[in-house]
Amino acid sequence: MNKKGFIFDLDGVIVDTAKYHYLAWKKLADQLGFELTHEHNERFKGVSRQRCLEILLDIGNIASTQEQFDSWMMEKNIDYLEYIDKMNESEVLSDVPKILEYLKEKNIPIALGSASKNARPILEKVKLLHFFNAIVDGNNVTKAKPDPQVFLIAAEELKVQPENCIVFEDAIAGIQAANNAGMISIGIGNTKILSNADYNFKDFTEIDLDFLDGLIKDRRTI
Ligand code: BG6
Ligand code: MG
């Protein structure tokens, strides 16, 4: 049996911060005079802050100087952090602690693989930081998802071969990144949107411990 490692995305997998990202970006779009829809928001998932603003300006057909761009990025993050500041354990998505506890009990290494530069404070707020053997986030990468870099660094830090890593993701770019890393990808959320994943679940309440055991023991076809 090969040693396995589990890698979790943060936003939309562990906590539903996608709604706060959306509200903060929407405020900026309102200010700039156009509507940012939930459909637009799908394109923001898993994507770096800078890339999100590029997409947003593209949607609104708005040009900017570098200085203005940097100031909008900062403004959005200040608004986002106001939401984060109010977070607590109640915002952890259903059954996430159950899965983390089960893996911990079995001594399976766990990493975070997130595009966010706010990952640590969020994990602290929701009191899950202690579960993670490695945290790889937006501060550690030079290439954004769908590039596999974030997950490959996480595998290296866990000392587990990429092909023995299992990734939980809610974003199209994240599933692509896991697939590009040669890892097993598990889509959490909309099956149609995440159809490139090896496995799909609506949320963690649909994942039973037998399924996890199957992954841990190499029984991939459960
Ligand atoms: C990802 C989110 O996890 O982190 C993206 O899905 C977000 O929507 C990205 O843009 C960067 O987050 P932050 O917290 O560094 O602005
Ligand atoms: Mg995500």
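The chain splits into domain 1 (5-16 + 91-216) and domain 2 (18-84), with bounds that come from an automatic or database domain assignment. This is a predicted model, where local features need pLDDT of at least 70, side-chain atom pairs count only at pLDDT 80 or more, and totals for chains, interfaces and linings use all residues. Residues are numbered from 1 along each chain as its sequence is written, ligands are numbered from 1 in the order in which they are written, and side-chain values use heavy atoms, with hydrogens and water left out.

The C-alpha centres of domain 1 and domain 2 sit 24 Å apart. Where they touch, 14 residues from domain 1 meet 13 residues from domain 2 (contact means heavy atoms within 4.5 Å). About 1200 Å² is buried between domain 1 and domain 2, with carbon and sulfur atoms giving 51%; buried area is the accessible area (1.4 Å probe) that two parts lose on being put together, summed over both. On the domain 1 side, Asp-16, Glu-91 and Asn-118 lose the most area to domain 2, together 36% of what that side buries.

One salt bridge turns up across this interface (a side-chain nitrogen of Lys or Arg within 4 Å of a carboxyl oxygen of Asp or Glu). As for Lys-19 and Asp-16, their side chains pair up in a salt bridge at 3.9 Å, N to O.

Then there's the magnesium ion (ligand 2): its protein donors are Asp-9 (OD), Asp-11 (O) and Asp-170 (OD), 2.0 to 2.1 Å away. Donors here are N, O and S atoms within 2.8 Å of the metal (3.2 Å for Na, K and Ca); water is not among the atoms, so sites may look incomplete. Along the chain, the donors of this ion follow the spacing D-x1-D-x158-D.
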